[in-house]
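Subject: Structure handover

Hello,

Please find the structure below. My notes on what was found in it come after.

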Amino acid sequence: VSFTGWIEDALESISGPWLYLIAALLTFAETGTLFFVIPGEIGLFVAGAAAGAGDLSLPVLIVVACVAAIAGDATGFYIGRRFGPKVQTSWLGRKIGQHNWDRATRLVHERKGVIVLFGRWVGFLRAIMPATAGMSGMSYRSFLPWDLAGCISWATVCVVGGYLLGENWTDLAAAMGKAGWAVAGLAVIGLVVLKVRAIRRERSAIGD
């Protein structure tokens, strides 16, 4: 059994109010501590399934999930702003991989707030995007509206998906994973197109 599978089994054995807390902590930790080994959505899917079974309140769970996601991103943003590139060379930063940091940094500089929103839906970006935005010099005022949109939509989909699908929540998890990579692919294609257009404009200006 994988580490993630062990986490799933452990979560499914928890019932009652404790599951609110565990789901919130997992959601917070992914971006608030950069500990992205445990996908934050797992706790929300399992808690959503528990709400579907009548063990938890769906509205309360959605609020808890949204608050935890927003708080985690705010913490990650502060870590990036406070410690800057040192985050990348820390033990966790090296585990994430310099290529992932470089990719996230490039996306933030080129797409700014838009990638904060879409990054919430892509596994490797979700964990490091807040810290990357913080160290990039983006103001929290600029970061927050995009982050709220991403956190609230993502957390609600995870909770309601678990609620509706019950034990079949793994199907949604797989679909979201594929969709996330599709979004990342489209973002890369968009960046290439914009770069090509910028080069053409520069050449046209020189020609004039």
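The notes below start with the model as a whole and then go through its salt bridges, surface patches and one loop.

This is a predicted model, in which local features need pLDDT of at least 70 and side-chain atom pairs count only at pLDDT 80 or more, while totals for chains, interfaces and linings use all residues. Residues are numbered from 1 along each chain as its sequence is written, and side-chain values use heavy atoms, with hydrogens and water left out.

Overall

The protein chain has 11 helices and 0 strands. Helices (H or I, at least four residues) and strands (E, at least two) are DSSP runs, numbered from the N terminus. Buried residues make up 42% of the 208 residues in the chain; buried means under 20% relative accessible area, exposed over 50%, and partly exposed in between (1.4 Å probe, protein chains only).

Confidence is given as pLDDT, the predictor's value for each residue, from 0 to 100. The chain has a mean pLDDT of 78, and 74% of its residues reach 70 or more. Confidence is highest in helix 4 (residues 58-83), at a mean of 93, and lowest in helix 11, at 57. Where pLDDT is low, the predicted coordinates should not be read in detail.

Salt bridges

Side chains of opposite charge can pair when their charged atoms come close. The structure holds 3 salt bridges, each being a side-chain nitrogen of Lys or Arg within 4 Å of a carboxyl oxygen of Asp or Glu.

Arg126 pairs with Glu30, with the closest N and O atoms 3.0 Å apart. Arg126 is in helix 9 and Glu30 in helix 2, so this bridge ties together parts that are 96 residues apart in sequence. Arg126 is buried, at 5% relative accessibility, and so is Glu30, at 2%.

Arg126 also forms a salt bridge with Glu41, where the closest N and O atoms are 2.6 Å apart. Because Glu41 lies in helix 3 (residues 40-52) and Arg126 in helix 9, the pair links parts 85 residues apart in sequence. Glu41 and Arg126 are both buried.

Arg120 and Asp73 meet in a salt bridge at 2.7 Å, N to O. Arg120 sits in the loop between helix 8 (113-119) and helix 9, and Asp73 in helix 4, so the bridge joins parts 47 residues apart in sequence. Arg120 counts as buried, at 3% relative accessibility, and Asp73 is buried with a relative accessible area of 3%. Through shared partners, salt bridges join Glu30, Glu41 and Arg126 into one network.

Surface patches

Patches are made of residues with over 30% relative accessible area and no salt bridge; like charges are joined within 9 Å, and nonpolar side chains (Val, Leu, Ile, Met, Phe, Trp, Tyr) within 5 Å. Accessible areas come from the Shrake-Rupley method with a 1.4 Å probe, and for residues only the protein chains shown count as cover.

Trp18, Leu21 and Leu25 make a nonpolar surface patch of about 350 Å². Leu21 lies in helix 2 (residues 18-32) and is partly exposed, with a relative accessible area of 40%.

Arg197, Arg200, Arg201 and Arg203 form a positive surface patch. Lys and Arg count as positive and Asp and Glu as negative, while His and the chain ends are not counted. The place of a charge is taken as NZ of Lys, CZ of Arg, CG of Asp or CD of Glu. Arg197 is in helix 11 (residues 169-207).

A loop residue

Gly137 is in the loop between helix 9 (123-136) and helix 10 (140-165). Gly137 counts as exposed, at 57% relative accessibility. The C-alpha atoms of Gly137 and His109 are separated by 9.5 Å, with the two residues 28 apart along the chain.

Regards
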